[in-house]
Every structure is written in C-alpha cells, then in structure tokens.
Amino acid sequence: MKKAIVFLLIVISTLTLVGCAKCINTEYENVEVNIIDEYHRGMYVTPMIVGKVTTIRNHPAVYQITVEYNGVEYTISGSDIYNKYKEKVGQTAIGTLEIRTYDDGSIRYDIVSLE
C-alpha cells in the first residue's frame, strides 16, 4: 500500500512541475505563399435511426485552400477565401504569417489568412 501511495505522490508532483509554454510575443508578417490545392464539400444530411425515432444530422459545407510556405503546408478555411482563390492553384499569393514566441524559447509559425 505504501508503494502505491509513494508512486501516486511521484506522479502528482511530476505533473505539477511540468507546465505548458506561455506565449510571450506574437508578430505578423506578410509573406509570399504557393497555392497548392483547393477543396470543397457541400452540405449534406444523414438520417440516423435511434430506437423508433429517425433524426437528421446536418454536416456543414467545407471550403479549404491549402498553401505552402517554406516547405510546410497550411490549410485556410472559409467560403470567402475559397471563392477568391479556388481557380488560382499553382499561383502565388500574399499570406499573413503568425510568428509566436514562447517563454521556453520555442517559436511557432502559422499562415493564418490570405490577402
């Protein structure tokens, strides 16, 4: 029994000492990205039978544009972006790069929108 309590205390103390990195700075920069793919799936419904009741489950439409920056692919969603860039696959566009710096020294990059 004592071994289980000691093990539990070690696990709890380990989990409390490990924390998440905190974002200390966020910067935005306009960069040139390559549009590499577009994807659209229309809205559809699925009937589901639960016991004696039939319910309808709605699945929303999906609008996505995939871009590449520095060899990494990013997906940007939204019907406005999709309609503007759906016929520009293979071309370049200006994207907004979000640069997040964390207190542990790590840096994360993400393309968050297209101009």
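Two rings of Phe, Tyr or Trp (its six-membered ring) make an aromatic pair if their centres lie within 6.5 Å. Keep that in mind for the first view of this predicted model.

View 1. Searching the whole structure turns up 1 aromatic pair. It's Tyr63 with Tyr82: the ring centres are 5.5 Å apart and the planes sit at 55 degrees, so the pair counts as tilted. Tyr63 belongs to strand β4 (residues 62–69) and Tyr82 to helix α2 (residues 79–85), so the pair ties together parts that are 19 residues apart in sequence.

**View 2. How covered up are these two tyrosines?** Tyr82 has a relative accessible area of 9%. Anything under 20% counts as buried, so Tyr82 is buried. Tyr63, at 27% relative accessibility, is partly exposed.

**View 3. Strand β4 pairs with β1.** Here β4 runs antiparallel to strand β1 (residues 23–41), and 7 bridges join them. For one of the partners, look at Tyr39, which is bridged to Gln64 in β4.

**View 4. Strand β4 also pairs with β5.** Strand β5 (residues 72–77) lines up with β4 in the antiparallel sense, over 6 bridges. Tyr69 stands opposite Val72 of β5.

**View 5. An arginine sits over a tyrosine ring.** Now switch to Arg108, which lies over the face of Tyr102. The distance from the ring centre is 5.3 Å.

Notes. Residues are numbered from 1 along each chain as its sequence is written. This is a predicted model: local features need pLDDT of at least 70, side-chain atom pairs count only at pLDDT 80 or more; totals for chains, interfaces and linings use all residues. Side-chain values use heavy atoms; hydrogens and water are left out. Rings of Phe, Tyr and Trp (its six-membered ring) pair if their centres lie within 6.5 Å; planes under 30 degrees apart count as stacked, over 60 as edge-to-face and the rest as tilted. Helices (H or I, at least four residues) and strands (E, at least two) are DSSP runs, numbered from the N terminus. Buried means under 20% relative accessible area, exposed over 50%, partly exposed in between (1.4 Å probe, protein chains only). A charge sits over a ring if NZ of Lys or CZ of Arg is within 6 Å of the ring centre and within 35 degrees of the ring normal. Two strands pair if DSSP finds at least two bridges between them.
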